[in-house]
Amino acid sequence: MFSSLVALVTRRPRLVLVLTVVALLGGGVLASTAFGKLQTGGFDDPASESTRAADVMDARFHGRPNVLLLVTARQGDVDDPTVAAAGRSVAADLAAQPGARDVVSYWTGGGSALRSRDGRSALVVASVRDDDEASDIVDRYESRREWSDTVTVLPGGAATVGEDIGSQVSSDLAVAESIAIPVTLVLLVLAFAGVVAALLPLGIGLLGIVGGFAALSVIGGLTDVSIFAVNLATAMGLGLGIDYSLLMVSRFREELAAGRDRADAVAVTVHSAGRTILFSGATVIVALAVMLLFPPFFLKSMAYAGIAVTLVAVVAAIVSLPALLMVLGERVNAWRVGGLIGLARRRRTGRSRPAGISGADGGDGGDAVAVRQAGESPFWRRVAATVMRRPVLTGLPVVAVLLVLGAPFLHVNFGTPDDRVLQPGSAPSRVVGDALREDFAADLGGAMEVVVRAEGTRSVDRSALAAYTATLSRLPDVARVDGALGTYVQGRRVLPPDPTSGRFAVAGADSLQVVTSVDYASGRAQDLVRAARAVPAPAGTSALIGGAPAVLVDGKNTVAHRLPLALGLIALATFVLMFLFTGSVLLPVKAIVLNGLAMCAVFGASVWIFSDGHLEGLLDFTPGPLDTSMPVLLFCIAFGLSMDYEVFLLSRIKEAHDAGASNGEAVAAGLARVGRIVTTAAALLAVTFVAFATSSVRFMQMFGVGTALAIVLDATLIRGVLVPAFMRVAGSANWWAPRPLRILHDRFGLHEYRAPAPPVRPESSSVPRAELGSAAAGLAPAQRSAAQGGAAPRGDAGQGPAGRPGPSAG
């Protein structure tokens with residue numbers, strides 16, 4: 001496979017680039033149609049009882065009350081004749097809108113429940129089943145807030161919440177991109193010390209984003225896709241493009257510096273870094289695919305977006321990018337930027353950096369030339385050496401820190417997104433929601449919906465329905481129950497049927513609205529759902545319990561039911577992939593355990609910030625329960641990206657070990673050679689995700705901050721401390737596998753590519769000896785000495801300094 005790919009990109013690079021541009025343009029046209037096909041919502045289980053109840057309400061009762069208009073008197077109260085006339089005018093206007101059904105208001109028989117405690121506001125309620133019609137109605141009243149000289153009108157309710165969240169996500173995405181892309185470009189220029197090399201990752205990221213949007217457009221035409229998937233497509237497209245390009249471009253520049261011509265440099269890069277990227281992409285896709293197991297289309301949409309973006313990023317990195325590098329050749333180092341870092345280094349060392357040494361490949365402090373000759377970062381080698389001298393002493397405090405960070409997750413609360421995920425005062429639905437909770441006796445948006453259906457062609461017995469309604473009204477935390485027979489409180493009918501009661505009854509079915517006296521997301525509201533479902537339905541009927549509290553209960557049950565299978569599959573698939581990559585049984589287990597430890601810390605920190613309210617003032621959000629889907633999303637995304645860096649690091653450790661290095665030397669050399677790349681990639685990827693902290697939607701802030709934290713923890717504490725500590729303690733057991741599995745790996749596993757020695761450049765070469773030393777550091781000592789124009793050391797060519805085995809090429 002890789003030989004054919006190398007032949008294609010080295011012999012016909014311009015053809016590959018032309019095809020890439022054509023694909024980019026075609027994908028761009030398709031991507032431009034994605035937003036019109038995406039939907040809000042998608043947090044509930046389509047097969048749950050609450051969803052089935054909602055489907056019956058939509059089909060037989062013209063939908064649920066999902067549009068609320070908050071009518072507020074400018075002066076006086078809602079019972080003043082002029083205010084009442086204006087309120088009736090608003091209700092009549094809403095009833096005239098296409099799609100509006102069952103319009104009820106305080107002034108048209110809706111009862112005192114639709115009047116605020118202070119009497120200054122009242123509600124107009126309607127059911128709108130079609131999303132487009134609901135959107136048009138919301139837009140109408142948002143643009144006419146100043147209804148008259150008498151009253152103001154603000155739209156709210158579930159339909160308005162979805163509209164406001166969708167609009168906010170779109171605008172937040174533009175803000176996040178305007179922050180992430182310029183910052184990322186600056187950091188890439190500093191990392192590569194060149195503008196041309198820095199632009200390459202952004203180009204690959206653009207391909208990934210366009211490919212992800214195009215895939216969402218296609219899938220959105222076939223099934224439900226959440227609009228929130230565009231945030232993931234943008235972040236992962238840019239992030240993976242940076243990760244993979246950083247690895248490819250760094251290796252290509254290293255091979256050029258070693259004396260290879262551009263074709264050989266591309267070949268070695270594709271065979272070595274390309275293999276790592278292919279395996280890394282597979283681990284990311286496995287983690288993302290697990291979200292397809294969960295019924296809510298919010299999670300499925302994230303899987304669609306993430307898998308599509310990863311596939312495009314991998315293909316672009318190992319096909320399009322090598323072709324571009326083939327065309328650029330030495331010009332990949334064009335438009336070099338020395339910057340303040342290089343100036344500071346020269347002042348500290350008192351000498352100039354040799355021409356052609358980049359900041360990305362240079363060393364730390366005054367050891368710049370030595371680092372180039374060693375091919376390693378002295379900082380990361382010192383970190384590895386320090387950790388491995390006292391692995392238990394350094395590793396246990398890090399484990400303790402991660403466990404402390406994870407402790408707040410023990411008191412986690414879950415909810416479903418409502419208007420409170422928006423910033424206070426940022427949208428009409430948030431203002432109306434706050435008013436309902438503070439000024440009205442009960443929150444209609446948090447009511448339970450009960451659908452009672454007669455079996456066969458019979459009608460629901462009215463006396464049995466009355467007894468059932470009275471029983472529901474006596475349950476704890478029930479404020480009242482509204483239905484076709486009137487309003488019941490504590491087992492007694494307090495109001496007779498009103499003129500609008502027809503909205504509660506159709507042939508063969510009745511609906512009841514159970515208004516609670518507690519917040520829908522509270523534990524007491526969830527207990528109420530379970531208690532209501534335990535009440536026997538009237539004889540000859542069946543009952544479905546829905547509404548916001550029931551959606552939350554069903555959502556938690558769905559996640560809890562599927563979670564063990566999802567975790568088992570992701571662990572099994574990760575183990576298989578990592579075994580094929582390393583040939584070890586212990587290293588895959590280590591990767592799974594350490595990544596799980598990092599995830600615990602991220603979950604705990606998310607609860608501490610977004611539920612407990614720390615950093616509330618900084619990020620400007622309202623503390624609340626975590627969305628039931630967020631831990632699953634965070635786990636799959638962060639776990640996949642963490643495995644990305646695990647593959648990067650283990651590829652270099654395995655490379656040194658396969659060349660004969662001892663376990664400790666292999667770990668030190670691997671971390672020293674890839675530590676800079678991993679931390680640079682992690683910093684850039686964290687910037688991309690943390691930009692979503694600027695969002696006005698709480699769960700998008702949590703997604704961005706949580707993922708960025710996971711990336712930072714993984715690139716520092718996990719890869720920098722716990723991995724070398726674990727591998728030092730395990731010793732030779734790191735590479736152990738039972739004989740049958742060794743045979744399996746020998747046949748089907750990934751084996752390191754062995755690059756041929758680079759050609760020897762004459763002393764007159766324009767490439768400095770320090771530059772040659774950078775790439776030659778990846779060779780055996782005999783090859784290294786030849787590449788630098790010196791004599792091979794005495795003894796075995798596979799021995800490094802002080803008798804240590806030297807790493808192989810690749």
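# Questions about sheets, helices and buried residues

Visitor: Over how many bridges do strand 6 (residues 448-454) and strand 12 pair?
Guide: Helices (H or I, at least four residues) and strands (E, at least two) are DSSP runs, numbered from the N terminus. Two strands count as paired if DSSP finds at least two bridges between them. Strand 6 and strand 12 pair in the antiparallel sense, and the number of bridges is 7.

Visitor: What kind of model is this, and what is left out of the side-chain values?
Guide: This is a predicted model, in which local features need pLDDT of at least 70 and side-chain atom pairs count only at pLDDT 80 or more, while totals for chains, interfaces and linings use all residues. Residues are numbered from 1 along each chain as its sequence is written, and side-chain values use heavy atoms, leaving out hydrogens and water.

Visitor: How many residues of strand 12 are buried?
Guide: Buried means under 20% relative accessible area, exposed over 50%, and partly exposed in between (1.4 Å probe, protein chains only). Within strand 12, Ser542 has Arg453 opposite. Strand 12 (residues 541-547) is largely enclosed by the rest of the structure, because its buried residues number 5 of the 7.

Visitor: In what order do the 4 strands of the open sheet stand?
Guide: Strand 2 and strand 4 (151-156) stand at the edges, each with a single partner strand, so one side of each has no neighbour in the sheet. The twist from one strand to the next averages 20 degrees; axes here are lines fitted to C-alpha atoms, for helices over the stretch in contact, and angles run from 0 to 180 degrees between N-to-C directions. The pairing is antiparallel, and the order is 2-3-1-4.

Visitor: Which residues point the other way from Ser121, Leu123, Val125 and Ser127 in strand 3?
Guide: In a regular strand the side chains alternate between the two faces of the sheet. Strand 3 is mostly covered, with 8 of its 8 residues buried. Opposite in direction to Ser121, Leu123, Val125 and Ser127 are Ala122, Val124, Ala126 and Val128.

Visitor: Which residue is the bridge partner of Ser105 in strand 3?
Guide: Strand 3 runs antiparallel to strand 1 (residues 65-73), joined by 7 bridges, and Leu68 has Val125 as its partner in strand 3. Strand 2 (residues 100-105) is joined to strand 3 by 4 bridges, again antiparallel. For Ser105, the partner in strand 3 is Val124.

Visitor: With which side chain does the side chain of Ser121 make a polar contact?
Guide: Ser121 lies in strand 3 (residues 121-128) and counts as buried because its relative accessibility is 12%. A polar contact is a pair of N or O atoms within 3.5 Å; within protein, one must be able to donate a hydrogen and the other to accept it, and residues adjacent in sequence count only if both atoms are side-chain atoms. The residue opposite Ser121 in the pairing is Thr72. At 3.0 Å, the polar contact of the Ser121 side chain is also with Thr72.

Visitor: At about what angle to strand 4 does helix 15 run?
Guide: Helix 4 (residues 81-95) lies across strands 1, 2, 3 and 4, and its angle to strand 2 is about 170 degrees. Helix 15 (residues 428-439) lies across strands 1, 3 and 4, and its angle to strand 4 is about 100 degrees.

Visitor: How far apart in space are Leu232 and Ala305, C-alpha to C-alpha?
Guide: Leu232 belongs to helix 8 (residues 229-257) and counts as buried because its relative accessibility is 0%. Not counting residues up to four places away in sequence, Leu232 touches Gly237, Met302, Gly306, Ile637 and Phe703. Leu232 and Ala305 are 73 residues apart in sequence, while their C-alpha distance is 6.8 Å.

Visitor: What is the relative accessible area of Asp102?
Guide: Asp102, in strand 2, has a positive phi of about 50 degrees although it is not a glycine. Asp102 counts as partly exposed because its relative accessible area is 26%.

Key. Contact means heavy atoms within 4.5 Å.
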